[in-house]
Amino acid sequence: ILTREAYTMGLINSLLDSIARSLGRRIQGMEQSQAYRDSGRKGEEFSVESMVSESLANLMTMQFTMPVVGSSDRAVALDRVSTDFVRDSFTNVCSMAFLTGDCITVPAWNGRSMYNSIVTAENFAILGANGSEITACIYIVDEKKERNGAKWTLLRLIELVPYTAFDGSQTFANRYRTYVAKNGVIQDDDAFRQFPDWAAYGEQAEWIIPNVDRLLIGRYRSFTLNPQNPNAQKGTPICYGASKPIAEIHYLIDKMHTEFALSEKAVFADRSLFVKDYQRDASGAIVNARLKLPEGRERLFMTMQGTGSDGSLLNEWAPTIQLQPYIDALEKQYQEVEKCVGISSGVLSNLNEQAYQNVDNVRKATVKTQSFIETGRKVAESYLDDMVYSWNAIYNYYNVTPVGDYDVEYKWSDEYINTFSDQQNAILAGNAIGATDAVDYRMLVMGESPEVARQRVEEIAASKPSNPLFSEVE
């Protein structure tokens, strides 16, 4: 089955391959395809792949924060960029990496703030790699189509190249080069003026950022396995292998909608209720005649003699749709998709067991989803390491703030497993054996830092003679 999404992906891969040949390069990784995809249907109807990818990305990044700590101006600046990025872009990056198999983020300084471009698997090509580390890539920045069918593409090449510093030491630099292609063929620099909004790219078509040891991009590569190509340079979409149940879901929903349409109420009326409407010409002669139908004519049918009418002038026909079999069949296919992705029931389908008694039972029922989330977070930390490194290198190049020390913290949440009640009970139980105190409780309930929580506990203890629930904080 060649779906519309697969056809579009083939065109983009062909374009990037053609452009790479124009540059004398060879692509080392293409987006991996599968038999049936519905990722491009979101916005028109619904996409099962998008539902899975976005749900898992939201679970993985739930309440995540990445503070950059330190007393230097650089630490403050990086923390501001980190906060904005985690809030606005990080979940989208994870979702697109799951959906397309691979995703890079290209940071750039626009003179006022850090801009992070998210590029999905179908829009970039790997031109050089050292193991899993990309050393050269080209990606699509923008595209335009003319009425005559010509397709213009704005592309940027980023590569890690040797660089000799002023003191003679050997290091590396990021070299950026922007190109314009028409129908897959690289054009000269005059092509930047073809479109007003591209002209600025031509003013600085090439530049370098020196003294770096890696490409200044972040890459989130999906960890899903493609058994036909386990060493593929590009990552594999997480729904790879789920083509059949996804296609079946669309078939069942289309079938259900068709049955709904056919089950609309129909009214059968005796022909005596239909009136002929005659159309006459200027001389009064009848030129045409048509039946004038009562209200609801789109579902009104005339009965014929001998059809078994009970003698009434109007009869209704309204068959009942077999809804529950469709719901059960869809539920089964949603579970099949979850199995193919490698997660527990409850992300798309209903949970197998609703009457969970405690957090231990929840963990047992969702262990595969937990494993997926933990693996995804480890990959994310490597991606975020590269992002912070890139932001810092760009700040050095543009001298945005003085160089300074900083530390990055990754604060993940397990709220998708542990409810507030579970954590509260654990703290109270810990207090009984001397393992926790009122400071821990305030940090959980109020979200306070340890210092603020301890100060408040001391203030409350000073104003009250005793605390029946918690032992005193020493």
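**View 1. The largest nonpolar core of the predicted model comprises 71 residues.** Within this core, the residues with the most contacts are Val52, Leu56, Tyr220, Val337, Val341 and Trp391, and the largest share, 11 residues, comes from helix α8. As a general background, nonpolar side chains in soluble globular proteins tend to be buried together.

**View 2. Surroundings of Leu56 in the predicted model.** Leaving aside residues up to four places away in sequence, Leu56 touches Phe98, Ile238, Val341, Ile343, Val347, Thr369, Phe372 and Ile373.

**View 3. An open sheet of three strands, in the order β3-β2-β10, with antiparallel pairing.** Because β3 (114–120) and β10 (218–221) stand at the edges and each has a single partner strand, one side of each is left without a neighbour in the sheet. Direction ignored, neighbouring strands of this sheet are turned against each other by 15 degrees on average. Strand β2 (residues 102–109) and β10 run antiparallel and are joined by four bridges, and in this pairing Ile104 stands opposite Arg219 in β10.

**View 4. Helices α3 and α8 against the sheet.** Helix α3 (residues 73–100) packs on the sheet and touches β2, β3 and β10, its direction making about 150 degrees with that of β2. Helix α8 (residues 367–398) lies across β2, β3 and β10 and runs at about 20 degrees to β2.

Technical notes:
Residues are numbered from 1 along each chain as its sequence is written. This is a predicted model: local features need pLDDT of at least 70, side-chain atom pairs count only at pLDDT 80 or more; totals for chains, interfaces and linings use all residues. Side-chain values use heavy atoms; hydrogens and water are left out. Two strands pair if DSSP finds at least two bridges between them. Helices (H or I, at least four residues) and strands (E, at least two) are DSSP runs, numbered from the N terminus. Axes are lines fitted to C-alpha atoms, for helices over the stretch in contact, and angles run from 0 to 180 degrees between N-to-C directions. Contact means heavy atoms within 4.5 Å. A nonpolar core is a set of buried Ala, Val, Leu, Ile, Met, Phe, Trp, Tyr and Cys residues joined through side-chain atoms within 4.5 Å. Buried means under 20% relative accessible area, exposed over 50%, partly exposed in between (1.4 Å probe, protein chains only).
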